[in-house]
Amino acid sequence: MVEICAKAAVGNPEELGDCPFCQRVIVTLKEKDVDYQLNLINLDDKPQWFIDECPSGEVPAMKHEGRWVDDVQIIIGMIEEWYPEPRLATPDEFAEAEHRFQNLYGYFVGFLQSQDPNDGTLQGLQEELNALDEHLGENGPFIAGEDFTAVDINVVPLLVNFIVACNHFKDYNFFEDMPNIRTYCESMWSRSSITDTTPADEYIIAGWEQKLNR
Ligand SMILES: N[C@@H](CCC(=O)N[C@@H](CS)C(=O)NCC(=O)O)C(=O)O
């Protein structure tokens, strides 16, 4: 049994919140059918035990030998090592794609935070989404070809969170011009590891409202 901490929804500490990194950890555990104990952490009112045991105060976190590991990349690596079946590590030939598309997070955040429509953040984001769309068109159905792998588990939580946030805060629907991304995301809705861990739109919006107003 693995013990993890993940972000609780803003406004509802009983539900999983809008942290794509936390979603990535939980999807990995679900895909590998690993039992886990989930501690939902209200980041606005962190429990004292969490502050004491996990000084960075960041989620996701996973317990290992009495300590909390709080780096998502390391957590994913440990899960892959402890539970090798089914193998989810992205094949080496797609390492470059993995590296590129995990950076989508920064492009999305830059765009959402931007106050100036001409500062290039939208253009930068569109270039990256176009690259993903083309990549999926050439390599699909998944980012690494025939198999659902870690790079999908990294990118899908970004897409499902940010489609809602971009629509709501910027009136930008990136599905409109990206047919392969749309098909890809639609195929994810039949995957229970994704649907079970995707927060309701209201929690995604509440989470981003808070981050954008900080
Ligand atoms: N160290 C983390 C960072 C992940 C992260 O940014 N988590 C946010 C939630 S989405 C967090 O815990 N923020 C702390 C806070 O808001 O107090 C990683 O694995 O990359």
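Domain bounds are those of an automatic or database domain assignment. On this basis the protein chain is divided into domain 1 (2-82) and domain 2 (92-212), and the C-alpha centres of domain 1 and domain 2 lie 21 Å apart. The structure is a predicted model, in which local features need pLDDT of at least 70 and side-chain atom pairs count only at pLDDT 80 or more, whereas totals for chains, interfaces and linings use all residues. Residues are numbered from 1 along each chain as its sequence is written.

The contact between the domains, in which two residues are paired if their C-beta atoms, placed from the backbone, lie within 7 Å, takes 17 residues from domain 1 and 17 residues from domain 2. On the side of domain 1 that touches domain 2, two or more residues each are given by strand S2 (12-16) and helix H1 (20-31), elements that are DSSP runs numbered from the N terminus (helices H or I, at least four residues; strands E, at least two). H1 gives the most to this side, with eight residues.

In the contact of H7 with H10, Asn 161, Val 164, Ala 165, His 168 and Phe 169 of H7 meet Asp 201, Ile 204, Ile 205, Trp 208 and Leu 212 of H10.
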